[in-house]
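Subject: Handover of a structure for your study

Dear colleague,

Please find below the structure that I would like to hand over to you. After it, I set out what was found in it.

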Amino acid sequence: MKRVLAGTVVSLAIVIATLCLLEGAASALLFVRDYRNASPPSGLIRPHTTHDSLLGWVNRPGFSSPDEYGKDIGLTTTALGFRATGTADSVSAQEGQGLVCSGDSYTLGYGVSDDHTWCALLGIYTKRRAFNMGQADYGLDQSALWYERDARRAPHQVQILGVTDAQLERMASSSPGGRFKPELALDGSKVVTHGVPVPAQTATAMRDAVRARMKYDLRAVQAFVRITGVDGRATQAKRIDERWPLVEKVLDDLAAANASNGSRLVLAYLPSKRDLRPSSPDERRKKLAAYAQRRGTTFVDLTSAMRALRPDSIDLSFISRVPASAAPGTTNQYSDLGHAWIARTLAEKLAPPAP
Amino acid sequence: MSKSRVSKVVGVILVLLLCLIGLEGLISFGLLASDIRHIPRTPENFRQAQYDTLLGWVGLPNLARTDNYGPGTRLTTNADGMRIHRPVSPPLAPGEKRIICSGDSFTFGSGVSDDETFCAYLEQELPGVRTLNMAQRGYGIDQAYLWYKRDAVRYPHQVHVFAFIWADFERMAVKSFTGYPKSRLRLKDGALEIENVPVPRWTGESRLTTALGMLPELRIVQAVQRRVDQSDATKLARVDAQVWDIALAVFKDLERLNRERGSNLVLVYLPAPADLAPGAQDTRRRRLAEFSHSSGIPFVDLTAEIRTVPPDSADWMFITPNALPVQGSSGHYTAAGHRWVAARLAEHLRAIPAVAAALGAPAR
């Protein structure tokens, strides 16, 4: 009986060990193969962008891609390299009245057509000519630098800086996702720009970024992250919290640049999907609100208003169904409905109080 | 270094490597086991059905829930477990006409109130016509057919709308759906046969189905999947190879049954979110149209029409992931979606001379 039992235990151990070895070998082989075959994510760098030695990348001026985000959902850029606002341009703006919208893909309107971005719609609602200076994957630093360099060519009295949580996080890196960009730092009370001239983008850097993420495919790494809570990706994202004085100084400089352009800075926090439930971005929003109050800057935080919407309206405010042949990465960006809601809500919040 | 030392070092490295590989495998199984342990309970709203020896499950009889999918969404059933939007008695009043709607959750009206299903809305589109919703959540074409065959005979009717979505073919291929056992049809010498009956009793909450869905977490499964064609077209073709002839036999038998019962069968393809853009399902729809042409069984396919609806309107026709407090209805028609289906379907029904005549509706 004892021998039978021992035999069973040994057989069972052999089966388990074999299964573990097979699973482990499969994991190792997949990792090695993926690592060797890694390539830069296709389509991440869109044809409407080109290299810029200060900002990393900017729009090509006068570019048109009529089906960028699906059939008839086009993207056009103006001669100044801003995103065009489509039919909104023909809407009668009050003489000389203009507004500049800065930010990342949520401001650019990644996934919707030129005239459906919140910037274009806000121009209509406020009877101002809108200049869309949003750019996909920009950090707050790049938005500020672009404004300081090029915005004086656009006659305006207001700059609305659309802030997203991801945009703040990108500020803490010189190559988020392998894309080269400038990195700002504080030198005493001065902001200095590192990494300029920004080198031309290389496929190798983007491939290396893909490879760096691959370690999270290993099951041992997944277990480590799960057990210890130590996640390199989250740590990188949190670096901006340690550099908060830099964020405030960049905003100070941006406000000063606005003043020299005869404009005023308005901060608008644009909620993305990660803001829909109470989470870590709440702390950053609070810090932004406190900063704005101290400086007397207008700060419009749309998070609580969006959280108060009906759940199906929230769902439909973000792109979930991607048309065939659309540029990659449109999922979870604002939909037409989302942009319209942002524009309308911003217009209401920014309108002067009724007499 | 001596030869024996080299081989010792190589041996140690190999053993270390094997240990690491084994550890990776062990951790992988450990993570899977942990995920399986944390599988959430079955959604509450599935508990509107009861065990049935032939079908697997049927609607609970005499339900009267006022807030089934959220405040104000009623779910009412009659004594036979059919969803009703007003009291229904099997016999028809003189001069009354009836349409029976068969199908799955899209016809049942998952996520909407009793009077917001396309079957209920058909009464407004076709004045003087009464409808009876004989659909059930999770049904495949096989179960919808068997239920109609067994229980519809007591409800005189003039038209039978047999509605289905693309996934109802997939359900024909399996003997259990989300852990609930069901019967399955097969063809033997050209005749339909039922297997897995009496359907095994549901033994309680099973994590097996969800657990099976987690297997692709395993790297060995991922390695195999990468070597197998995982495209939608291949998956659908695989299912069709198994169930297509059975489905056609079901449609033919339904036509015979309807004729015997003095009714007109209409097959209806209901577009689901996956049909909004051209894709692998289009081949299946084309084959269905060809079958309709050759068999003479009317077939209404609403896909082409829904694709002409502007995307921002089409978005409002499907329940979004967080729209309802109760999970499980995402992707089904909203009340607006059902109203659109009813309007389009009524138009098509009026265009079929035999159906228009049977309903006493002016033919188009």
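Two residues are said to be in contact if their C-beta atoms, placed from the backbone, lie within 7 Å. Please keep in mind throughout that this is a predicted model.

The contact between the chains

With that definition, 25 residues of chain B and 27 residues of chain A take part in the contact. On the side of chain B that touches chain A, the elements that give two or more residues are helix H1 (3-37), helix H7 (219-227) and helix H11 (311-315) of chain B. Of these, H1(B) gives the most, with twelve residues. Sorted by class, the residues on this side of chain B are 14 nonpolar, seven polar and four charged.

Chain A as a whole

Chain A holds 13 helices and eleven strands. Its C-alpha atoms fill a box of roughly 95 × 50 × 45 Å along the principal axes. Of the 355 residues in chain A, 39% are buried. If one takes the contacts in chain A between residues at least 6 apart in sequence, 72% of them join residues at least 24 apart.

The sheet of chain A

As background, the strands of a sheet pair through backbone hydrogen bonds, either parallel or antiparallel. In chain A, five strands form an open sheet with parallel pairing, in the order E6-E5-E7-E10-E11. Strand E6 (129-134) and strand E11 (298-301) of chain A are at the edges and have a single partner strand each, so one side of each is left without a neighbour in the sheet. On average, neighbouring strands of this sheet are turned by 20° against each other, direction ignored.

Strand E5 (residues 98-103) of chain A runs parallel to E6(A) and is joined to it by six bridges. Within this pair, Leu99(A) stands opposite Ala130(A) in E6(A). Helix H3 (residues 118-126) of chain A packs on the sheet, where it touches E5 and E6 of chain A. The direction of helix H3 of chain A makes about 160° with that of E6(A).

The sheet of chain B

Chain B has an open sheet of five strands, with parallel pairing and the order E6-E5-E7-E12-E13. Its edges are strand E6 (129-135) and strand E13 (299-301) of chain B; each has a single partner strand, so one side of each is left without a neighbour in the sheet. Neighbouring strands of this sheet are turned against each other by 20° on average, direction ignored.

Seven bridges pair strand E5 (residues 97-103) of chain B with E6(B) in the parallel sense. The bridge partner of Ile100(B) in E6(B) is Leu132(B). Helix H9 (residues 281-295) of chain B packs on this sheet and touches strand E12 (264-269) and E13 of chain B; its direction makes about 155° with that of E13(B).

A pair of helices in chain B

Helix H4 (residues 141-151) and helix H8 (residues 232-260) of chain B pack with their axes 11 Å apart, at an angle of about 20°. Angles under 35 degrees count as roughly parallel, and H4(B) and H8(B) are therefore roughly parallel to each other. Their crossing is left-handed. H4(B) contributes Ile141(B), Asp142(B), Tyr145(B) and Lys149(B) to the contact, while H8(B) contributes Ala247(B), Val250(B), Leu254(B) and Leu257(B). By class, the contact of H4(B) with H8(B) has six nonpolar, two charged and no polar residues.

Yours sincerely,
A colleague

Terms used: Residues are numbered from 1 along each chain as its sequence is written. Chains are lettered from A and ligands numbered from 1 in the order in which they are written. This is a predicted model: local features need pLDDT of at least 70, side-chain atom pairs count only at pLDDT 80 or more; totals for chains, interfaces and linings use all residues. Helices (H or I, at least four residues) and strands (E, at least two) are DSSP runs, numbered from the N terminus. A residue is buried if 20 or more other C-beta atoms lie within 10 Å of its own, exposed if 12 or fewer, and partly exposed in between; C-beta atoms are placed from the backbone. Axes are lines fitted to C-alpha atoms, for helices over the stretch in contact, and angles run from 0 to 180 degrees between N-to-C directions. Angles under 35 degrees count as roughly parallel, over 145 as roughly antiparallel, 65 to 115 as roughly perpendicular and the rest as oblique. A crossing is left-handed if the near helix is turned anticlockwise from the far one by less than a right angle, and right-handed if clockwise. Ala, Val, Leu, Ile, Met, Phe, Trp, Tyr, Cys and Pro count as nonpolar, Asp, Glu, Lys and Arg as charged, and the others, Gly among them, as polar. Two strands pair if DSSP finds at least two bridges between them.
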